[in-house]
Amino acid sequence: MTRARWRLAVDTGGTFTDCVARAPDGSVRRVKVLSSGALRAAIAAVDGPKLRIAPAPPDGADLRGFRVRRVGADTGTRAREVLAQRGDALQLDGDLDGAHVGDTVALDCGEEAPLVAARLITGSRAGAPLPPLELRLATTRGTNALLERAGDDVALFITRGFADLLIISDQQRPDIFARRIERAAPLYRDVVEVDERLDAAGAVVRPFDERARQALRSSAGALVQRGVRSAAVALAHAYRDDRHERAVAEILREAGFSHVSCSSQVAPLIKLLDRAETTLVNAYLARVVGGFLDAVARGIGGEGRDDGDGALQVMTSAGGLRRGASYQPKDSLLSGPAGGVVGAADAGARSGFAQVLSFDMGGTSTDVARWAGRPELRYQQRVGDARLRSPMLAIETVAAGGGSICAYQHGELRVGPDSAGADPGPACYGAGGPLTVTDVNLLLGRLSPRRFGVPVQVEAARAALRALQRDIDARAGSGAAARDDEHDEDDDDDAGALCEGLLALADERMADAIRRVSLRRGYDPADHTLVAFGGAGPQHACGVADRLGIDRVIVPADAGLLSAVGLSCAALERVVERQVLAPLDDDPRELTATLREADARARTLLAAELPGDEAITSRALLALRYRGQDSSLDVEVDATQALDAAALRQRFETRHQALFGHRPEGREVEVDSLRVIARGGAAPAIGSEAATSDTPM
């Protein structure tokens, strides 16, 4: 990395995109934009094609080439281009139809939000090349596509006889009391059976011969003709030997598939169902996440993610960075929240607290996690209708954020799970949105319009609250007179009580999420420090802490941008996994050799992504369980030392006792799998030197 490069860390969330940056001269800059890629401002003055906007653009930003349109205007209203800009004054290429003082306008340049943030930070006008930079990126693009089922058309290729595996799944009932089970349709569009089979040891039972290959070519060609270009390949026991999966992938690429995900590379562990589901998610998100990353990579001056200079690094769900070229879509689902956990751990460490509970309340949801010197990992996660197996931080998410909609349904007040998102956003954004937690905070005086990142309208929020009060009166059958703009002090008292009740509901939902990562895992929340961040976290920190008995709260200097700050100080990581499935008391020399091979492999992979000759550290985990159990517990080991079976058994049983309250006697312990996490390239957090007085943007 040359000294002339900018360092940018950008977290693209569901509502906002946050960016912190260090300029080549060492100065720190910050910006927050909507994740739609548009900027919002209010018209402060209008004189024909000349506008003044508030808040003013960030210092040094060049808005030339941006297009301006009125928010909420008819679709036929013409957008105007910014020809010149000086501070908050814009010169457009013509009159903005119907523009009046107080109107809200949106400005965009047709690029992804991370690139818009980079332009504002570096002062680059739309269409001009960005200066040399390193971009660390987190995104919820894949998560949103999965939740909205807006991924690619995918074909699943699976061993003959298992075509309905993902429909049968594990036969768990989503609602045990429902008479009629409603299951979501699988993510794939088509399923193709491949005539091959390996046994549990990886030996060939049914060869993938020329007849089977020709049948596959025919099926693949027909799918390509119908527009299917993404494939997921999951063959039985391919984690033991991937020869058949590699042969299938080669045929599919020759047939015209643009993306092929193989289970032996995506999730090389036992259990065909888990591998197939994870591989399917990876293929389903390939175009959405891959296209997004390619667009960002091209925008910062590369030819795509395969550009070899390492300018683009992307956050994984496990809390580490990977080069854009080696990034897999299935690793993106907790990308943004993971950056926040790393940032919270850094803030806690700099304040002298090793045990922290991260509390990240954003616009759409709240993410919480526990950090006690090391990250807590989990290996299975359900996101929407999909389940996948991949290392990720143990983060709990609850649909309660600043944009969570406040409503009265089925005789009770509710906060979330629906969100107003970035467009139209909360009612106070002035774009016709519903009442949200942000509006409630604004009406209670807990939010300063002057210091908010986008223009807010108090009257719009008040009107949305009155609409909720009318809905409650009507549904409750109270016979109350219709509420209108004429009200008395009793109306104000009712409105205040309603707002306080909505906040209490939001606080309790978030506190319960923290209980799930602490109290329900045997840890007392009161022994931890709450690190509150996100756009709304500090507003709710004391209410949440009171419910948990926590008496220490940290609000970092960059609380609204902490996920981006966490990105800036994260390390590059590569994870290598090996399936073991052997008794712990077997000859430990073979297990030691496997562990050292995995450690060497992880270090080699990471070294190829690190600039220069940077130091690499590794962390090795053995997944141990009692024989006959399905789930396992991680025990950390030293990959450079010979393994001691007796010591490992004692550590495992001690942890099992602490977590579950009992220790089965005489049960054999087995090694399910092992993982090695190699780390390197960490840097000091941008903006961590001291608190600053930057003007909010």
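Two strands pair if DSSP finds at least two bridges between them; helices (H or I, at least four residues) and strands (E, at least two) are themselves DSSP runs, numbered from the N terminus. What you have above is a predicted model, in which local features need pLDDT of at least 70 and side-chain atom pairs count only at pLDDT 80 or more, while totals for chains, interfaces and linings use all residues. Residues are numbered from 1 along each chain as its sequence is written, and side-chain values use heavy atoms, with hydrogens and water left out.

Let us start with strand β6 (residues 67-70), which is joined to strand β7 (residues 80-86) by two bridges, the two running antiparallel. Here V68 stands opposite R80 of β7. Strand β6 also runs antiparallel to strand β9 (residues 104-108), with four bridges between them, and R69 faces A106 in β9.

Strands of a sheet pair through backbone hydrogen bonds, either parallel or antiparallel. For a parallel case, look at the open sheet of four strands in the order β12-β11-β15-β16. Its edges are β12 (190-194) and β16 (259-262), each of which pairs on one side only. On average, neighbouring strands are turned by 20 degrees against each other, direction ignored; axes are lines fitted to C-alpha atoms, for helices over the stretch in contact, and angles run from 0 to 180 degrees between N-to-C directions.

Within this sheet, β15 (residues 230-234) and β16 run parallel and share four bridges. A232 has S261 of β16 as its bridge partner.

## Two crossing helices

Helix α9 (residues 335-350) packs against helix α14 (residues 562-569) at an angle of about 80 degrees, their axes lying 7 Å apart. That makes α9 roughly perpendicular to α14, a label for angles of 65 to 115 degrees.

The contact (heavy atoms within 4.5 Å) is made by G336, G339, G340, V342, G343, A344 and D346 on the α9 side and by L562, S563, G566, L567 and C569 on the α14 side. These residues divide into five nonpolar, six polar and one charged; Ala, Val, Leu, Ile, Met, Phe, Trp, Tyr, Cys and Pro count as nonpolar, Asp, Glu, Lys and Arg as charged, and the others, Gly among them, as polar.

## Salt bridges across the chain

A salt bridge is a side-chain nitrogen of Lys or Arg within 4 Å of a carboxyl oxygen of Asp or Glu, and the whole structure holds 55 of them. One joins D103 to R70, with the closest N and O atoms 3.9 Å apart. D103 sits in the loop between β8 (89-92) and β9 and R70 in strand β6, so the pair ties together parts that are 33 residues apart in sequence.

Another joins E670 and R627 (3.5 Å, N to O). E670 belongs to strand β31 (residues 669-680) and R627 to the loop between β29 (616-626) and β30 (633-637), 43 residues apart. E670 counts as buried at 8% relative accessibility, whereas R627, at 48%, is partly exposed; buried means under 20% relative accessible area, exposed over 50%, partly exposed in between (1.4 Å probe, protein chains only).

## Around helix α7

D274 forms a salt bridge with R387, the closest N and O atoms being 4.0 Å apart. Since D274 lies in helix α7 and R387 in strand β22 (residues 386-393), the pair ties together parts 113 residues apart in sequence. Both partners are buried, D274 with a relative accessible area of 8% and R387 with 15%.

Technical notes:
Angles under 35 degrees count as roughly parallel, over 145 as roughly antiparallel, 65 to 115 as roughly perpendicular and the rest as oblique.
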